[in-house]
Amino acid sequence: MARKNDSQAAPGNSNSPIMLIILILVLVLIGLNTYLLWDTRNLAAASAIGAVQAEPEPTDPVFVNISPFTVNLQSDQFGPRLLYAGLTLEVPSEKVKATLMKNMPQVRNRLLVLLSGQEAESIAQSEGKKVLAKSIMDSLSAPYQGDEELAINDVLFTEFIVQ
């Protein structure tokens, strides 16, 4: 009978070191997982704080004033009509403003050509003014004398009279 107990004790003893190693590995993996989870939360918190601090300061808008001008509109049922308009362009930087100021004769020419093709009834309406502002933005954004295309943020009508 002693042999029977010895044979039963031997397999039990050989399982104990394997179970101990598995238990240690599981504890190490749990510890490693906890560390990585904690470290990831700290990184996320630090990056959130860093993202808030890294936001660029809002810059003041840059405006380009275009002196008012008068242009003949397309003739309609009421005969020849006139548009007296003053514009201000909102641009993203002083560099864009300098480019526009340097090319002001071309800017005014593009505006006069574009506006002279408009119909009085369409631009007198609010929706027509929005469409006209978009057309002006597209026309003035085109490159000047080999320069690259310009960004124009908004077209603001400072004076607008249709007669």
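What covers the buried residues of α5? The cover includes β2 (79-91), α2 (94-102), α3 (104-116), α4 (120-124) and β3 (154-162). Buried means under 20% relative accessible area, exposed over 50%, and partly exposed in between, with a 1.4 Å probe and protein chains only. The model is predicted: local features need pLDDT of at least 70, side-chain atom pairs count only at pLDDT 80 or more, and totals for chains, interfaces and linings use all residues. Residues are numbered from 1 along each chain as its sequence is written, and side-chain values use heavy atoms, with hydrogens and water left out.

The secondary structure comes to five helices and three strands, in the sequence pattern α-β-β-α-α-α-α-β. These elements are DSSP runs numbered from the N terminus: helices are H or I with at least four residues, strands E with at least two. Of the 163 residues, 23% count as buried. Among contacts (heavy atoms within 4.5 Å) between residues at least 6 apart in sequence, 71% join residues at least 24 apart.

The three strands form an open antiparallel sheet in the order β1-β2-β3. Because β1 (62-76) and β3 stand at the edges with a single partner strand each, one side of each is left without a neighbour in the sheet. Neighbouring strands are turned by 20° against each other on average, direction ignored. Two strands pair if DSSP finds at least two bridges between them; β1 and β2 pair over eleven bridges, in the antiparallel sense. Within this pairing, Val 64 stands opposite Leu 89 in β2.

Two helices pack on the sheet. Helix α3 touches β1 and β2, and its direction makes about 35° with that of β1. Helix α5 touches β2 and β3, at about 125° to the direction of β3. Axes here are lines fitted to C-alpha atoms, for helices over the stretch in contact, and angles run from 0 to 180 degrees between N-to-C directions.

Helix α5 (residues 126-141) has 16 residues and reaches 23 Å from its first C-alpha to its last, close to the expected 22 Å, which is 1.5 Å times one less than its number of residues. Its buried residues are Gly 128, Leu 132, Ala 133, Ile 136, Met 137, Leu 140 and Ser 141.

The structure holds one aromatic pair. The ring centres of Phe 157 and Phe 160 are 5.0 Å apart and their planes stand at 70°, so the pair is edge-to-face. Rings of Phe, Tyr and Trp (its six-membered ring) pair with centres within 6.5 Å; planes under 30 degrees apart count as stacked, over 60 as edge-to-face and the rest as tilted. Phe 157 counts as partly exposed, at 26% relative accessibility.
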